[in-house]
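User: I would like to learn how to read domains and strand pairing in a structure. Could we work through an example?

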Amino acid sequence: MKKNIIIIISLLIAYLSGQYLINTGIIDSYLQLNIFLIGINIILAVSLNLITGFTGQFSLGHAAFMSIGAYTSAILTAKMGLPFIVALIASGIVSAIAGVLIGIPTLRLKGDYLAIATLGFGEIVRILALNTDYIGGAIGFNDIPQYTNWTYVFIMTVVTVLVIRYFLNSFHGRACIAIREDEIAAEAMGVNLTLYKVFAFAIGAFFAGIAGSLYANYFYFIKPDSFGFMKSVDIVVTVVFGGMGSILGSIVGAIALSVISLFLQNIPELRMVIYSIILFLVMVYRPTGLVGKKDKEGKYFKGLRKEDFQHVSAKGN
Amino acid sequence: MSVLKVTNLTKNFGGIKAVTDVNLNIEMGEIIGLIGPNGAGKTTLFNLLTGIYVPTSGQIEYNLNTKVKTKDLKPHKMVHYGVSRTFQNIRLFKDMSVLDNVLLGFHSLLFKRSISRKDSFDEAYELLKKFNLLNKKDELAKNLPYGDQRRLEIARALASKPMILLLDEPAAGMNPKETKELKDLIFWIRNEYHLTIILIEHDMSLVMNICERIFVFDYGNLVASGTPKEIQNNKRVITAYLGEEAV
């Protein structure tokens, strides 16, 4: 209880101070852009971590869900003039539906095969967007109203983290982790593999869609190539860098990688070289990611579940 | 009362007949042993009984809370019906804590909402206490010693409150002392939870001591069945294990 209050208060302070700094102009528009990108990257990384890190389904198509969300939001706000909050939620739902539709056939596959199938899905979405004139085709979708602000980015980032954390803390989340650990044993203990894989995929896609919506309504302009294979790889890199199967890792990973590339922008010639060297060093010296190791010591839920505390106090263990 | 009836069960993998024309009838509360040389089809039979393989022909019929027919057998539905199992090569959730492994055993009950979240924790602690694993509840399953892993797998299987428990080589890799403890554990489980237990085992001291009836397999065929005494004197069994010369 006490912990929750501390979390709520610190979130409020973070939000209000962010808002204050933006209003007074201390955070200029360039810094603001990067902060918003960090928020969007956190949403993407945490939602992919649910699919890849926790449920163990390696997906290379996460940017496609982002793209579906971005275009849905663009159509709803720019072409139909609907309020942003409607577009935001609708993008999540449309992406989630796409996640279910693509999940049912592909999630029978495992490992490399699933990665290739999701990669194919990502390309299909990109090519479809490229060839649909209604949404601008290769030229891109212009004049999307800029609705995304600090409040939306902050709230959606917090909501994503909390919802996925809550999900993982439930017995459904435990079933997902069990699927990652051993599919045959999980199935023998009554876990419906298809149901939970598709479910995890749908939740991940939902939040990727939200991230896409925030992205589209911040940059005025989106084009199919922004959500290609390389974007999917970026998200995977963030998850692996931070730590597979660690929510905190995804947050730290998204912030660290964004900050690193922000600082490297001054030396464009060496940017990708240094970026790659950093990734390389992290993988060599911390193969489980920046914070991945800590989460892996059987402490997914430790300190999170009230039931643990009840038993500690009642039975003196 | 018969809880499991297998009629003319056959499973072929291409040209290989893994299980041929097997008939079994298992009564409630029995401890049944399945023995036979490696490759005799015992584990295939387990996989058929738990829906992992679909039979080539023949029927499997469970008579538990509801009647379950061959076509209803799906791996993830078995614990819902009341059939739980362990695996020959231990299949724990290695990177999850001991407690979370047992908690996952309650998945089917939580899914049906026949147990509350709080009760699942209470019962998991209870189960761990009975299996002497409570002081290790926060350890990762992969860090447990071998014997503890075996017991944890049984504890997890029991969490789903089965009526039939299938144990695939529970004593594999155990030393005589551990096997003796396992024997007591299996007896205790049967009496405490009123289960029907079917186990595959190569350790004859264990099988002969605890099984009430034994089925012997060889090359996919059921070659003999009966009490341990009958089996020990059965010519076909001796042939299966030691070859023609020995008889």
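User: What distance separates the centres of domain 1 of chain B and domain 2 of chain B, taken over C-alpha atoms?

Analyst: Keep in mind that this is a predicted model. In it, the two centres, taken over C-alpha atoms, are 24 Å apart. The assignment gives 2–82 + 162–246 as domain 1 of chain B and 90–161 as domain 2 of chain B.

User: How many residues does each domain of chain B bring to the contact?

Analyst: A contact is counted when C-beta atoms, placed from the backbone, lie within 7 Å. Here domain 1 of chain B brings 10 residues and domain 2 of chain B brings nine residues.

User: Which helices of chain B each supply at least two residues of the domain 1 side?

Analyst: They are helix 2 (78–81) and helix 7 (176–193) of chain B. Helix 7 of chain B gives the largest share of that side, three residues. By residue class, the side of domain 1 of chain B that touches domain 2 has seven nonpolar, two polar and one charged.

User: Now the strands. Do strand 1 and strand 4 of chain B run parallel or antiparallel?

Analyst: Strand 1 (residues 2–13) and strand 4 (residues 57–63) of chain B are antiparallel, and five bridges join them. In one of these pairings, Val6(B) has Ile60(B) as its bridge partner.

User: What joins strand 4 of chain B to strand 5 of chain B?

Analyst: A hairpin does, through three residues. Strand 5 covers residues 67–68 of chain B, and two bridges join it to strand 4 in an antiparallel arrangement. Across this pair, Tyr62(B) is opposite Val68(B).

How values were computed: Residues are numbered from 1 along each chain as its sequence is written. Chains are lettered from A and ligands numbered from 1 in the order in which they are written. This is a predicted model: local features need pLDDT of at least 70, side-chain atom pairs count only at pLDDT 80 or more; totals for chains, interfaces and linings use all residues. Two strands pair if DSSP finds at least two bridges between them. Helices (H or I, at least four residues) and strands (E, at least two) are DSSP runs, numbered from the N terminus. Domain bounds come from an automatic or database domain assignment. Two residues are in contact if their C-beta atoms, placed from the backbone, lie within 7 Å. Ala, Val, Leu, Ile, Met, Phe, Trp, Tyr, Cys and Pro count as nonpolar, Asp, Glu, Lys and Arg as charged, and the others, Gly among them, as polar.
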